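Colleague: I'm new to this one. Can you walk me through it?

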Amino acid sequence: MTLAETTVFEALESNVRGYCRAWPTVFDTARGSWLTDENGKDYLDFFAGAGALNYGHNNPVLKQALIDYLIGDGITHGLDMSTTAKRRLLEAIRDLLLVPRGLDYKVQFPGPTGANAVEAALKLARKVTGRTTVLNFTNGFHGMTLGALSVTGNAAKRAGAGVPLVHATPMPYDGFLPGDDDFGWMRRALDDNSSGLDKPAAVIVETVQGEGGINVARVEWLRALAELCSARGILLIVDDVQMGCGRTGPFFSFETAGITPDIVVLSKSIGGYGLPMALVLMRSELDQWAPGEHNGTFRGNNAAFVTGETALRHYWSDNRLELATLAKGERIHAHLTALTEAFDGISTRGRGLVQGLVFEDASQAGKVCNIAFELGLLVETSGSTDEVVKLLPPLTVTEEEIGHGLGILTRAVEIVRDAH
Ligand code: PMP
C-alpha cells in the first residue's frame with residue numbers, strides 16, 4: 001500500500017489539527033457508514049462526524065433533495081431572511097417534533113455550530129432571569145467559545161481560553177461522587193443564603209455526556225434535576241447537540257426521562273447531511289430577545305434547511321428509526337458486555353447508539369482505536385483521560401455493518417490485551 005500524500009497538511013495546516021493525526025490517511029469519498037481513502041481502502045465509520053452524520057454519509061434521500069434544490073437555484077445563503085426552505089423546515093419542526101410532543105417552543109437560528117447555540121442559550125438565560133451564574137456539571141462539554149468553555153469541564157480545553165472562565169459553578173454529574181445523595185449539596189447550597197452560591201440563571205446539562213466519557217445520567221437523576229430547577233426558578237438548558245436527533249433513541253434525548261427543559265440546544269445532525277446548522281428551542285415566554293439582539297452571518301444555511309427538513313420528514317414521521325436505534329444499541333451493548341466478561345479491567349456504558357468501552361488502563365483505549373483504524377474501523381476515545389472507546393455509528397448503520405465493526409473492535413481489544 002502506498003502511503004497517502006500528506007505533505008501539504010503537515011507543512012501548511014496549523015498544528016491544531018487533530019483527527020488527521022489519529023487517522024493518518026487522506027479520505028476521498030464516503031457513502032452510508034463507509035469512508036474510502038485515496039488508496040481505495042474502506043473504513044467503517046463508528047464516529048459519524050462526532051454525531052453530525054446520524055443519517056450516514058451522502059444519504060441518498062437527503063442528497064437528492066439537496067441536488068434538486070441546488071439545480072432549482074434555491075437560496076443558499078439567507079441570513080435570517082424568510083425563505084421557502086426555512087418555511088418548510090419550520091413547518092416540519094412544528095408538525096413532526098413539537099406538536100406531537102406537546103412542546104411549546106419558539107425556534108431560534110443562531111450561528112451553525114453547537115458552541116454558537118450554547119452561547120445564545122446562556123445569553124438568553126441570563127437576560128431573562130437577570131442573573132449571571134450558570135451551574136454546569138463535572139465532565140460536561142459544551143464547545144470551545146468562551147461562554148461554552150466556562151461550562152465545560154476538561155482542564156486542557158479550559159486552559160486554552162487564556163482568560164479566567166467565570167460565572168459558572170460546576171456540580172457533580174450523576175455518578176461523579178459514588179454514594180452521592182442526588183442534588184443534596186446543590187439543594188442545600190441553593191437554600192442556604194450563606195453558602196456563597198449566587199442564585200443561578202440556569203443549569204446546563206447533557207443527558208449523556210459524549211465527550212466526557214459516555215456518562216449516562218439516570219432518568220430519576222434528570223427528573224430530580226428538572227424538579228429542583230423548576231421549584232427554584234432556575235432555567236434548565238439541555239445541550240442535545242450530540243445526543244439529540246435520535247442518538248439515544250427518541251428524537252430528543254430528554255424524552256426518556258419525561259422532562260421538558262426550558263431551553264434546548266441542537267446542532268450536529270439537525271442539518272441532516274453533515275451541513276452546518278444549529279437551533280435554540282426556548283419555551284415561548286422565554287423568547288425575550290429584541291430583534292437582531294443576537295445575530296450572525298451564517299444563520300441561514302438554506303441548503304441545511306432542505307436536508308434537515310428532508311431528514312425530519314423521512315425519518316421522524318413515525319417511530320421506526322427510534323425503535324431500530326434502541327434495538328441496534330441493545331445488540332452493541334450485549335456484545336460489549338460479553339467483552340467485559342472476557343477481559344478484566346473493562347466495563348461498558350451507553351444508551352441507544354452511543355456506547356462506550358471503558359478501560360481501567362486508559363492508555364489501552366487509544367491503542368484499541370489505533371489498531372481498529374489499521375483494521376478499517378473509525379472509533380475515537382472520550383473521557384477525562386481518554387479512557388473510553390466511543391462507538392457512535394450512523395443511526396442508519398446496517399446489522400451486517402454492526403457485526404463487521406464489532407468484529408474489528410473485538411480483534412483490536414484482543415491484540416492490545418495480548419501485548420500486555
Ligand atoms: N455540546 C456538545 C454536547 C457537544 O458534544 C459539542 C461538540 N462535540 C458541542 C456542544 C460543541 O459543538 P461544536 O463543535 O459544533 O461547536
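**A first walk through the model**

Modeller: Start with threonine 325, which counts as buried because its relative accessibility is 0%. Buried means under 20% relative accessible area, exposed over 50%, and partly exposed in between, with a 1.4 Å probe and protein chains only. This is a predicted model, where local features need pLDDT of at least 70, side-chain atom pairs count only at pLDDT 80 or more, and totals for chains, interfaces and linings use all residues. Residues are numbered from 1 along each chain as its sequence is written, and side-chain values use heavy atoms, with hydrogens and water left out.

Colleague: Where is threonine 325 found?

Modeller: In helix H12, residues 320-342. Helices (H or I, at least four residues) and strands (E, at least two) are DSSP runs, numbered from the N terminus.

Colleague: And what does threonine 325 touch, leaving out residues up to four places away in sequence?

Modeller: Gly246, Arg247, Thr248, Gly249, Gly352, Leu353 and Leu395. Contact means heavy atoms within 4.5 Å.

Colleague: Zoom out. How many helices and strands does the chain have?

Modeller: The chain has 14 helices and 17 strands. Its radius of gyration is 21 Å, close to the 22 Å from the globule rule for 420 residues, so the chain is as compact as a globular protein of that length. That radius is taken over C-alpha atoms, and the rule is 2.2 Å times the number of residues to the power 0.38.

Colleague: What does the C-alpha trace span along its principal axes?

Modeller: About 65 × 60 × 45 Å. Of the 420 residues, 53% count as buried.

Colleague: What share of the contacts with a separation of 6 or more comes from residues 24 or more positions apart?

Modeller: They account for 73% of those contacts.

Colleague: What about domains?

Modeller: The assignment gives domain 1 (3-58 + 319-418) and domain 2 (74-315). Such bounds come from an automatic or database domain assignment. The C-alpha centres of domain 1 and domain 2 lie 26 Å apart.

Colleague: How many residues of each domain are in contact with the other?

Modeller: 31 residues of domain 1 are in contact with 29 residues of domain 2.

Colleague: New topic: backbone angles. What is phi of asparagine 139?

Modeller: Near 65°, a positive value in a residue other than glycine. Asparagine 139 lies in the loop between strand S5 (134-137) and helix H7 (146-150). At 23% relative accessibility, asparagine 139 is partly exposed.

Colleague: And aspartate 386, what is its phi?

Modeller: Near 55°, again positive in a residue other than glycine. The loop holding aspartate 386 runs between strand S16 (380-382) and strand S17 (388-391). Aspartate 386 counts as partly exposed, at 41% relative accessibility.

Colleague: Back to S5. Is asparagine 136 buried or exposed?

Modeller: Buried, at 3% relative accessibility. Asparagine 136 lies in strand S5. Beyond four places in sequence, its contacts include Ser150, Ala168, Met171 and Ile204.

Colleague: How far is asparagine 136 from proline 172?

Modeller: They are 36 residues apart in sequence and 8.6 Å apart in space, C-alpha to C-alpha.

Colleague: Last one. Where is alanine 226 found?

Modeller: In helix H10, residues 219-232. Alanine 226 counts as buried, at 18% relative accessibility. Not counting residues up to four places away in sequence, alanine 226 touches Leu236 and Ile259. From alanine 226 to leucine 66 is 160 residues in sequence and 39 Å in space, C-alpha to C-alpha.
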